[in-house]
Amino acid sequence: MSAVDQLQHDVLVIGGGGAGLRAAIAVAQEHPDLSIGIVSKVYPMRSHTVAAEGGMAAVIKDNDSAEDHIYDTISGSDWLADQDAVEMFVEEAPRELIQLEHWGCPWSREATGHVAVRPFGGMKLQRTWFATDKTGFHVLHSLFQTCLQFPSITRYDEWFATKLLVDDGRCQGCTAIELRTGQLRPIYAKSVIIATGGFGRIFPFTTNGAIKTGDGLAIAYRAGVALKDMEFVQYHPTGLPGTGILITEASRGEGGVLRNNKGERYLADYDLGEPLPLDDPRHPQLRTMELGPRDRLSQAFIKEQEKGNTYSGPYGDYVHLDIQHLGEHRIDTKLPFVRELARNYGGIDPVTESIPVRPVVHYMMGGIDTDIEAATSLPGLYAAGECACVSINGANRLGSNSLTELVVFGARAGRNAANFAHAADPAAIDRLESQVDDERARIRRILEQPSGGERVAELRRDMTTTMEEGAGIYRTQEGIEQTYATLSDLRERFGSVDLDDRTNVYNTDLISALELDYMLEISLALAASARDRTESRGSHQRTDHPDRDDDHFLKHSLAMRGDDGTPEVSFRDVVITKWPPGSRTYGSSDQAKAATTES
Amino acid sequence: MDGEVLTQPVFRSLGWTWWTKRPSYALVFLRETSSVFIAVQVVLVLVLLHKAGQPAADYQAYLDFLWNPGMVVFHVVSIAFALLHTYTWFNLLPQTIAIRVMGRRIPGLLLVAPQFGAWAVVTGLIIAWVWWVGAG
Amino acid sequence: MSTAIETTIKFEVFRYQPDWDEPTYQLYDVPYREDWVVLDALNYIKDTVDGTLTYRWSCRMGVCGSCGAMVNGYPKLTCAAFLSEYMPGPIRVEPLVNFNVERDLVTSIEGFMEKLESVQPWIIREDGATDDLKSEYLQTPDQHAAYQQFSMCINCLLCYAACPVSSHSDEFIGPAALALAQRYNLDTRDEGVEQRRDVILKDEGIWECSFVGECSAVCPKHVDPAGAIQQAKMTGAIDYYRRLLMPWTVKS
Ligand SMILES: Cc1cc2nc3c(=O)[nH]c(=O)nc-3n(C[C@H](O)[C@H](O)[C@H](O)COP(=O)(O)OP(=O)(O)OC[C@H]3O[C@@H](n4cnc5c(N)ncnc54)[C@H](O)[C@@H]3O)c2cc1C
Ligand code: SF4
Ligand code: FES
């Protein structure tokens with residue numbers, strides 16, 4: 001193939017979700033001279049950002065302040081967030097959300113014409129912007145439609161990235177399979193941004209769509225970049241049993257309450273404040289009860305389960321989320337999607353019945369280690385969105401901070417990658433060709449190897465089962481080690497994976513196998529990090545080490561891939577600027593504390 | 001993995017018999033077909049007007065033609081089609097016009113009902129007039 | 001330990017690969033579960049019986065728009081089509097019609113992507129370049145409500161599979177893309193009506209639509225693309241006569 005036929009860009013974005021599109025637009029708008037490629041394994045509007053429901057946090061109202069948003073985020077993170085990053089994030093957020101508004105995002109409005117905000121878990125004030133309860137859908141489509149106007153953006157829709165191309169200590173592109181033809185081709189670039197989203201699919205029960213398999217993390221990890229804080233897995237307290245479909249936190253923000261099988265608002269027993277009667281105008285109270293943070297609510301569920309206070313059903317135990325008292329009109333105007341989902345997938349109408357819910361794997365705090373500029377340790381490689389870990393989320397992300405993170409850090413990644421591309425030489429194609437050949441050989445081996453007897457679906461099931469067993473809401477040394485051993489064994493078995501499909505065009509069997517390979521890789525890193533963090537913090541709860549240990553673990557974990565392919569975990573200090581670690585209090589004690597700090 | 005790969009999509013469409021595939025399609029097909037009948041009727045009426053100015057024998061011959069059994073059947077079918085056309089079109093109006101009052105779209109029925117009302121009134125007037133002319 | 005014979009349901013799935021002369025239907029028996037959707041059955045087949053079966057899906061909650069197929073002849077989201085609605089079966093699953101089929105249930109949607117882009121579905125502003133992002137553009141709830149329905153499209157393309165005009169004309173811009181044009185035209189923040197005029201009013205635009213209305217009937221998100229097109233026709237017609245009869249009222 002001659003050099004002219006080569007696919008080459010200045011900046012290459014891997015991932016067409018909220019973060020990837022925002023990055024691409026940042027480059028296109030501010031550097032019209034640069035050529036941009038977006039590789040996405042699904043058409044961008046199918047990316048899982050589309051499923052986000054509740055909203056997007058940014059300080060816009062007069063009663064709110066950056067200081068408050070920063071404090072909520074840091075305390076929500078159990079002090080594991082880097083405070084310089086959080087400050088920057090909170091400061092840039094409003095501008096980014098206004099930008100989305102100017103790009104057509106149909107935000108819900110107040111009568112005055114200003115955007116409306118709603119309460120969200122762990123936030124002291126109402127600061128979550130929303131587009132009914134389809135916020136992610138509207139954000140993604142607005143970004144996608146906006147990106148269509150830039151001629152400098154070339155899209156590679158339904159191309160599956162498999163590996164980063166690295167030479168001379170810098171990232172110079174990736175290889176990708178074009179699904180329609182099955183060809184593996186290199187796409188060269190001066191700088192690369194990974195925005196491939198999360199990896200909830202390593203667990204059996206998740207709100208994440210099929211595409212959330214963490215490919216981007218695995219390819220960065222294989223290229224020598226560390227994965228940070230992988231042990232922090234967010235369980236959302238309210239998923240529909242069976243499907244794992246999310247019932248948004250906005251349902252509690254609007255006033256919905258959780259009840260156990262005795263009809264009690266059980267959260268009152270878990271240090272989350274006092275429940276107010278539903279007809280009290282002060283209900284729902286911010287940072288209290290149902291509006292506590294997700295980790296604490298999911299943990300409370302497990303405790304109730306142990307006490308026998310949950311209902312049991314064909315898909316496991318559950319509690320009730322009750323929004324009936326909001327009334328049909330409010331539900332239809334503020335939470336129409338909740339009603340649609342509960343009716344279609346839960347078989348109940350929330351206007352007249354309670355919704356059965358249970359904790360479900362939802363979001364990954366960990367990801368590719370980046371600095372505040374979205375840069376990784378590999379020159380020319382940037383990462384943004386759920387696949388990245390800056391970290392602003394620490395040990396527990398606050399609901400509605402993630403969509404904001406996509407645009408704030410997406411835009412940063414775009415700008416920085418553009419600057420890097422301006423200064424960099426073109427990719428050294430001649431020297432990279434052998435890497436492309438090696439990658440082709442690797443994939444051909446998986447595709448063509450004679451019958452080894454292992455099925456992708458079975459290995460995947462075993463992986464998700466062991467993750468749930470050893471790396472779920474509560475963890476122990478023994479359990480994690482067992483999971484680690486099982487994962488190592490699964491990796492071995494992956495070597496004899498046997499595909500049903502050996503053709504080229506749209507070979508989704510092959511793609512599933514590659515995804516499984518990536519998921520096994522990062523699951524091991526997750527298990528190793530969880531094993532080595534012998535404390536409990538935020539979403540990482542060790543029953544054998546129940547307390548937070550700031551002396552030893554006010555640190556990010558960093559998993560690097562060792563020469564033998566196993567993860568090696570080290571730790572790095574958290575950046576603390578103004579907010580020394582304190583105790584994480586919610587409910588009335590929190591109000592009292594807030595009152596004293598203010599006075 | 002490399003080299004040229006054959007992709008050869010096949011096209012599948014609803015085809016020319018689409019209107020037979022679903023009752024809702026058939027209804028649309030009939031609605032559209034009805035215009036042919038209505039057009040023919042209009043031509044017949046124009047010819048009638050023209051004949052009215054011709055010698056009486058010509059006029060009578062044309063009337064006889066209109067009364068032959070085939071033409072009677074045609075008229076019955078046309079009137080059925082005309083009713084169908086009117087009915088379906090009236091029902092489509094709410095989709096065509098979105099009027100919002102006080103932030104809410106006014107219900108379709110409020111747009112459809114006046115049309116049927118007006119139709120009934122006009123039809124009534126015509127029948128009354130024919131009656132009156134016939135009696136007088 | 002249940003000894004009862006498990007209820008199963010028969011699936012007839014359209015199969016095609018590029019090196020085959022013609023498509024075939026393959027039969028599968030799938031265990032019947034009351035809460036399963038057609039997509040669950042396809043996943044069951046792929047995971048346990050036949051890994052070569054090819055189809056698209058991701059969110060399985062009716063919002064990503066990737067899983068559309070003909071289910072017993074009607075365009076449906078397979079993640080929202082419950083097996084219980086089709087008992088006792090069989091269930092025939094085919095790719096959406098009016099598109100090229102690349103393989104099995106996977107169709108080519110490149111043509112749609114071009115149409116989508118052609119209607120310029122983004123906010124067009126005269127002050128675009130000087131935007132300082134200091135505050136939001138104001139929009140009242142009523143103004144928001146005026147276009148909201150047309151902004152709910154998930155690009156699932158069921159409407160194209162239901163549209164007889166699309167089946168006979170490659171060029172027809174079609175329901176979803178025209179609804180999106182109307183969405184932006186009705187948005188008070190947008191100033192691009194003039195720029196979109198030609199595309200919408202050209203032969204392949206709104207006037208090719210003969211108001212079959214089936215697009216709106218099959219739309220899983222109640223977007224009502226047929227309504228959007230009729231409203232655009234109404235606006236177009238009024239605009240035409242205004243230009244003809246009162247040219248002085250038209251900005252150049
Ligand atoms: C049900 C649900 C509700 C949520 N609600 C909220 C909310 O209300 N508020 C909030 O702030 N957050 C919410 N979140 C979290 C938030 O939506 C996600 O964290 C965020 O959307 C992730 O966006 P992203 O751009 O990083 O990735 P995604 O949107 O997941 O996009 C990933 C992209 O990468 C591409 N990709 C992946 N692998 C490859 C590969 N190998 N090759 C090529 N391309 C690849 C995919 O095609 C896709 O385009 C929610 C999440 C879920 C699951
Ligand atoms: S208009 Fe409706 S049917 Fe058509 S693509 Fe959009 S959501 Fe799907
Ligand atoms: S799988 Fe996303 S719409 Fe059906």
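**View 1. The fold of chain B.** Chain B holds four helices and three strands (DSSP runs numbered from the N terminus, helices being H or I of at least four residues and strands E of at least two). Read from the N terminus, its elements follow the order β-α-α-α-β-β-α. This is a predicted model, in which local features need pLDDT of at least 70 and side-chain atom pairs count only at pLDDT 80 or more, while totals for chains, interfaces and linings use all residues. Residues are numbered from 1 along each chain as its sequence is written, and chains are lettered from A and ligands numbered from 1 in the order in which they are written.

**View 2. The extent of chain B.** The C-alpha trace of chain B spans about 90 × 50 × 25 Å along its principal axes. Of its 136 residues, 4% count as buried (20 or more other C-beta atoms within 10 Å of the residue's own, with C-beta atoms placed from the backbone).

**View 3. A parallel pair in chain A.** Strand 2 (residues 36–40) and strand 6 of chain A pair in the parallel sense over five bridges; pairing takes at least two DSSP bridges between two strands. Here Ile38(A) sits opposite Arg155(A) of strand 6. Strand 6 (residues 153–157) of chain A is mostly covered, with four of its five residues buried.

**View 4. Where chain B meets chain C.** Here 28 residues of chain C contact 22 residues of chain B (C-beta atoms, placed from the backbone, within 7 Å). Helix 9 of chain C gives the largest share of chain C's side, five residues. Strand 1 (residues 10–12) of chain B runs antiparallel to strand 6 of chain C, joined by three bridges, and Val10(B) has Val101(C) as its bridge partner.

Methods. A residue is buried if 20 or more other C-beta atoms lie within 10 Å of its own, exposed if 12 or fewer, and partly exposed in between; C-beta atoms are placed from the backbone. Two residues are in contact if their C-beta atoms, placed from the backbone, lie within 7 Å.
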